[in-house]
Structures are given as structure tokens and as C-alpha cells.
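Here is a short report on a chain interface and on strand pairing. Please look at the model first.

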2 protein chains.
Amino acid sequence: MNSTQRNIKLVIAYKGTNYKGWQKQKDVLAVQEVIEKTLEKFLLRPVKIRGASRTDAGVHADCQVANFKLEDSAVPTSAFKDVLNNLLPADIAIRESSEVPLLFHSSRDAICKTYHYRIYTGKEKDVVAYNDRWHVKYDLDLPAINAASEYLTGTHDYRGFTSAKDNRDDAVRTIYEANAWASGDDEITFKIRANRFLYLMVRNIVGTLVEVGRGRWPAEQVGRIIQSRDRMQAGKTAQPHGLCLKTIEYSKK
Amino acid sequence: MNSTQRNIKLVIAYKGTNYKGWQKQKDVLAVQEVIEKTLEKFLLRPVKIRGASRTDAGVHADCQVANFKLEDSAVPTSAFKDVLNNLLPADIAIRESSEVPLLFHSSRDAICKTYHYRIYTGKEKDVVAYNDRWHVKYDLDLPAINAASEYLTGTHDYRGFTSAKDNRDDAVRTIYEANAWASGDDEITFKIRANRFLYLMVRNIVGTLVEVGRGRWPAEQVGRIIQSRDRMQAGKTAQPHGLCLKTIEYSKK
């Protein structure tokens with residue numbers, strides 16, 4: 001191998017149920033830490049990986065993207081997928097390992113992310129759905145939800161949909177796509193595609209759309225929340241386990 | 001209420017992932033114990049429930065049946081479903097609570113049980129399938145599996161398919177139905193319906209059928225295992241988490 005340093009990109013799927021989110025933290029187990037420890041065991045050196053998205057505790061991912069720098073190693077890039085899959089627990093899978101330019105940065109270079117949020121609307125308790133769908137026991141009006149979703153798209157200050165604790169200056173984001181469909185018997189899936197997301201943004205949007213779907217709020221409420229920039233106007237935060245990071249897009253340059 | 005004693009039947013679904021099976025044991029958590037403790041908390045008295053099937057650690061149930069005797073309580077029978085569902089963890093659900101004759105015995109009176117076993121045959125690691133499908137990375141020949149399954153039905157001594165540790169005298173059982181079908185992309189479901197099952201019987205049968213499906217053994221091997229009554233002839237025991245207790249039938253008398 002000519003280059004002594006490689007930048008390796010991993011595409012990662014995980015079931016978030018058993019983890020306190022993506023990002024490494026003290027005293028609790030996060031997905032990042034599990035992958036770093038596994039890489040360290042294999043490479044016999046400390047490794048720091050950088051994830052594109054800090055998913056919260058209980059949130060799943062179909063395609064988290066992370067990258068790490070590796071110097072002077074004889075391990076072929078493509079081998080990381082199989083080796084890691086064998087060493088990692090069953091709820092974390094590497095879907096791809098590939099070499100990318102040294103300047104590639106999984107988080108900074110992402111131009112777009114898509115999240116799905118699934119709701120189980122059956123009346124009965126469901127032991128299969130419990131860790132990947134939020135159980136809402138009410139009938140939801142899907143056309144009303146989609147009418148409300150139209151207020152979401154565009155470039156707006158989405159402060160009204162972030163955490164009340166989040167006081168960052170810049171809350172302007174662009175939502176390219178927001179809609180919902182019946183994805184099964186007693187199941188609704190929400191899709192939101194945006195350039196970047198604020199903390200708790202998807203879950204606060206879904207919590208609000210559920211209020212609309214239940215008929216408690218009109219579709220226009222979504223527009224009012226955006227205009228007000230006031231978190232107190234929005235619905236309650238939807239539970240984490242319905243959320244899944246579906247795709248992360250990068251520019252093709 | 002006139003009668004001072006009631007016999008209450010519960011139909012129970014659970015995801016077995018977090019439990020060491022159905023039956024209460026020392027030092028580990030079983031589904032039976034969780035339900036008994038929950039009933040005790042609610043009724044303020046010790047309760048002993050009797051399950052129809054001792055599912056193993058990691059095995060799921062769509063409709064385990066259990067019953068318990070209750071004396072001098074004002075709680076309506078139908079209330080147990082909702083009360084327990086609220087108090088039980090998300091991976092255990094009560095599907096029905098009903099009053100049955102005092103002599104009803106969930107296990108002794110069962111005339112037939114059906115198990116499903118799911119296999120994920122995709123080449124890629126799947127973080128969604130990991131706790132309810134066995135991952136077999138080989139292409140499986142479904143017609144060959146169904147040809148082999150035909151040897152299973154009927155009344156036979158199935159000692160060859162039980163645990164090597166199981167030395168009971170009576171291993172004669174009747175299998176009414178045994179077959180398999182493609183239940184999704186990269187997914188095969190096995191169904192076995194029998195009057196009663198031996199310890200590990202379904203999982204040993206599935207392990208054997210997978211060998212047939214991979215082309216390593218001819219369909220006739222299943223007949224030979226039954227005739228030999230020798231556990232060493234059968235395939236390896238399929239993993240527990242693909243197994244699900246689907247239905248338990250009782251006579252309509």
C-alpha cells in the first residue's frame with residue numbers, strides 16, 4: 001500500500017434498544033464506544049471514529065456513517081466489514097467499509113439526512129412492535145397529518161421544534177420532504193428529509209403531527225409553531241424507539 | 001359474584017429475548033415470575049400461575065396459555081387483561097383474560113400446539129432480525145425441506161429429535177403438520193403442529209431440515225433419524241430465538 005494514512009468510512013446499522021445512543025459517554029454504553037473498542041481489539045491501537053449523527057438513546061439506524069483515520073496498517077479496507085461484523089454484537093452491523101479521501105468528514109460533509117418515524121396504532125399491546133414503534137392508541141387522520149406536514153417543508157427557523165434547553169443562535173434549517181403513509185396494518189411511517197436537524201426536532205415534529213392526526217389541533221398549528229419559534233406551542237416529544245436514521249447523503253464532488 | 005373461587009385463563013404474548021424462558025427458576029428472570037409478581041402486586045396475595053408450555057430462554061410466544069385460581073376477589077375477570085397490560089413490561093402482553101371451569105388445566109388439557117420457526121437467509125448481517133430469526137447464511141432448497149418434512153408427520157417415537165439428556169420412556173408423539181414456506185425476502189418460516197412436543201424437538205427438527213435445505217443430507221435422513229431413535233443422527237439444535245409458540249388448542253368439550 002502506498003499511502004501510510006487512510007481515511008476509512010463505515011456505513012453502520014444498529015438497533016438502538018440496548019444503547020444510550022450513538023455518542024460515547026461516561027458510565028453508559030453507546031454504539032460509538034462499542035465499535036471503537038472492537039476496532040481497538042482488532043487493530044491493537046486506540047481508534048477514534050466520528051459519526052455523522054448523534055442518535056439518542058433507543059433510536060435506531062439503518063445507515064449511520066462514521067469515519068476514522070488509520071496509519072500504517074496492512075488490513076485491507078474491505079476487510080473491516082467482515083471482521084467487525086464477526087466481532088460486534090448482533091445488534092450492530094457494518095454495511096460497508098470503504099476508503100474515502102483524507103479530508104472526508106462524516107458529519108461536516110453530510111448534505112442531507114433522512115429519518116423515518118414509525119407509529120403502531122393498534123388497540124392491543126404488541127410485544128413485537130414495542131422497541132421500534134411508538135404505540136399511539138388513537139385513530140390517526142393521515143390526510144390531516146399530510147396537510148400539516150406541508151407547513152414543514154422549506155427553509156425556516158425551526159426553534160419551535162427543538163428542545164426547550166437548546167438555545168443555539170442558528171436554528172434555520174431546510175426540510176426538503178415531510179410526509180406520512182400507512183406502512184402496514186396499524187402502522188404509520190413518517191419521513192423527514194432535511195439538510196440538518198436540531199436536537200429532538202424529528203420527535204417534536206412527530207409529537208405535534210400526532211396531535212393533528214388525533215384531531216386535537218388543526219393542520220395550521222404546525223405553521224404557527226414555526227412562526228412562533230416557541231417550543232411550548234408544539235406537541236409532546238415522541239418516544240425515541242420509533243425513530244430510525246435512514247440515509248445520509250453526501251455531495252458527489 | 002356467587003362462586004368464591006374462579007379459575008382464570010390468560011392468553012399471553014411475549015418477546016423472549018429478555019427472559020430465561022417461561023418457567024420460574026432460581027436467580028434468573030422468567031416470564032412466569034414476572035406475571036406472578038405483577039399479579040401479586042395487584043391482588044396483594046401470592047398467586048401461582050400454570051403455563052401450558054415451558055418455552056426456553058429466548059423463545060417467543062404469540063399465545064402462551066396459563067391459568068390461576070383466585071378466591072374471594074372482587075376484581076372482574078375481564079379486568080385482568082387491561083390491568084396486567086398496564087403493569088407488565090412492554091415485552092409481555094395479555095391478549096385475553098377469561099373465566100374457565102375450575103377443572104381447566106392449561107397444560108394437561110392442551111390437545112395440540114403449533115410452533116413457528118423463522119430463519120433469516122440473507123447474506124448480510126441484519127440488526128432487525130437478530131432476536132427473532134436464526135441467521136443461516138446459505139441458500140436453502142425449500143422443496144427439499146418440504147420433501148423431508150413429509151417424513152415427520154404421523155405418530156412416531158421422536159426420541160431422535162429430543163435432547164440427548166432426555167431419557168424419558170415415552171417419546172411417542174403425533175405430528176399433524178410440518179412444512180415450510182418463504183415468508184418474506186430472505187426469510188423462511190417452518191410450521192410444526194403436534195399433540196405434544198419433546199424437549200428441544202422443534203429446534204432439533206429445524207436444525208436437521210436446514211442440513212437438508214443446504215443439500216448436505218437427503219430428505220430421507222429425516223425418516224432415518226426417526227427410525228434410529230438416535231439423537232446423534234440429527235442436525236444441530238437451531239438457535240432459540242427463531243422459535244415462537246403460535247397457538248395452543250383445547251378440546252371444545
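Which residue is the bridge partner of A:Asn179 in β9(A)? A:Lys191 is that partner. Strands here are DSSP runs of E with at least two residues, numbered from the N terminus.

This is a predicted model, where local features need pLDDT of at least 70, side-chain atom pairs count only at pLDDT 80 or more, and totals for chains, interfaces and linings use all residues. Residues are numbered from 1 along each chain as its sequence is written, chains are lettered from A in the order in which they are written, and side-chain values use heavy atoms, without hydrogens and water.

**Strand β9 of chain A**

β9(A) has two antiparallel neighbours, tabulated below. Two strands pair if DSSP finds at least two bridges between them.

| Strand | Residues | Bridges to β9(A) |
|---|---|---|
| β5(A) | 110-120 | 8 bridges |
| β8(A) | 172-184 | 8 bridges |

A:Tyr115 stands opposite A:Ile192 of β9(A). In the hairpin of β8(A) and β9(A), 2 residues lie between the strands, and A:Asp186 has a positive phi near 55°. Of the 8 residues in β9(A), 6 are buried (under 20% relative accessible area, 1.4 Å probe, protein chains only).

**Chains A and B**

In contact (heavy atoms within 4.5 Å) are 17 residues of chain A and 17 of chain B. The buried area is about 1500 Å², with 55% from carbon and sulfur atoms. That area is the accessible area (1.4 Å probe) lost on being put together, summed over both parts. There are 2 salt bridges between the chains (Lys or Arg side-chain nitrogen within 4 Å of an Asp or Glu carboxyl oxygen). A:Lys81 and B:Glu124 form a salt bridge at 2.8 Å, N to O.

Note on methods:
Buried area = accessible area lost by both parts, 1.4 Å probe. Buried < 20%, exposed > 50% of the residue type's maximum accessible area, 1.4 Å probe, protein only. Helix = DSSP H or I, 4+ residues; strand = E, 2+ residues; numbered from the N terminus.
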